[in-house]
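Hi everyone, thanks for coming. Let me put a structure up on the screen, and then I'll talk you through it.

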Amino acid sequence: MTTGFYDGNVFLYPCAGMDIVQPISAFGLQFDTMLFVDLGYQFDSGFHLPKIDGWKELNESVLIEGPKYSSVKIFQRGKHFRKEIEPAWRKSLYQHTESGRCINIVFRRGFGQYALQEISDGTLGMFLHRGDSQGEGGSRVCYLSNRKMKHAPLSNLLNTIKSKLAMPGLIGSDGSNTSINELYRAGNENDKLTEFTQHGLHWRRRKTLVRPDDRRLTVVWQVTAANSSNEFSGKSKTSMGDLKHEPR
Ligand SMILES: C[S@@+](CC[C@H](N)C(=O)[O-])C[C@H]1O[C@@H](n2cnc3c(N)ncnc32)[C@H](O)[C@@H]1O
């Protein structure tokens, strides 16, 4: 897959699972492409999309690229191991019934870190990451952090997000898997934090999303480049511990 596959202003949600309805309802009208990424997506007959009020999928628009089914394979050498999966994309058009506006919805099977690399610089309108963890069942991937990994595409993901963002951009987080203390606080305590500066960005609170069975809040921040004196100086006090796994 080459860069440029994703049209226009892109929304990206890695490790999304089937958390699709609220993001499309809340943000669908703002983007040309909404990209959901997860290792678990399989595009065989068992792939069923939830109904999204106010939107309909144009059936004849569905395109699938890559194998319909693949699962993660783990290769181990000594204490190092890497994971591999065959990527695939399911792309279709969704129409907003009231306005008639059509957007691309893409489900990408694979590692979110690679999906991020596929986005052209300056075209990422919104990055969303929530409901994830460092524990069992979570991805253990810290997107909103600059963690160094052996394999360059997996490293410094926050810097990569910054290079992909169309400024001013939007970043949504519930504080999961981040080294930015303010995101953690805002997601967990509703402490009314309205703005802060971290990692060369100025973050202004724009929207708060609540999910019925989730004690955490998803806070959407508008980010702009901060004064150059703060560039890349932001360090958070929140420590998430080191990853044991090295996904590829
Ligand atoms: C805890 S679930 C969260 C799902 C969703 N964010 C939510 O809030 O409902 C984590 C998801 O991340 C997926 N996952 C794990 N590692 C991943 C990676 N490196 N890239 C993409 N998805 C990954 C898993 O398959 C799983 O669906």
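I'll go from the overall fold to one strand, then to the ligand, and end on a loop.

First, some housekeeping. This is a predicted model, so to speak of local features we need pLDDT of at least 70, and side-chain atom pairs count only at pLDDT 80 or more, while totals for chains, interfaces and linings use all residues. Residues are numbered from 1 along each chain as its sequence is written.

The protein chain has four helices and 13 strands. Here helices (H or I, at least four residues) and strands (E, at least two) are DSSP runs, numbered from the N terminus. Of its 248 residues, 36% count as buried. Buried means 20 or more other C-beta atoms within 10 Å of the residue's own, exposed means 12 or fewer, and partly exposed is in between, with C-beta atoms placed from the backbone. Take contacts between residues at least 6 apart in sequence: 67% of them join residues at least 24 apart. A contact is two C-beta atoms, placed from the backbone, within 7 Å.

Now, please find strand 8, residues 124–129. How many of its six residues are buried? Six of the six, so to say. Strand 1 (residues 10–14) pairs with strand 8 in the parallel sense over three bridges, where pairing takes at least two DSSP bridges. Strand 8, helix 3 (residues 157–164) and strand 9 form a right-handed β-α-β unit: with the strands pointing away from the viewer, the path from the first strand over the helix to the second runs clockwise.

On to the ligand. Around it are 20 residues, of which C15, G17, G112, G131 and S139 come nearest; a residue counts as near if its C-beta atom, placed from the backbone, lies within 6 Å. By class, that shell has eight nonpolar, eight polar and four charged residues. Nonpolar covers Ala, Val, Leu, Ile, Met, Phe, Trp, Tyr, Cys and Pro, charged covers Asp, Glu, Lys and Arg, and the others, Gly among them, are polar.

Last stop: F47, in the loop between strand 2 (33–38) and strand 3 (55–65). Why is F47 partly exposed? Because it has 14 other C-beta atoms within 10 Å. F47 and K68 are 21 residues apart in sequence, and their C-alpha atoms are 9.8 Å apart.
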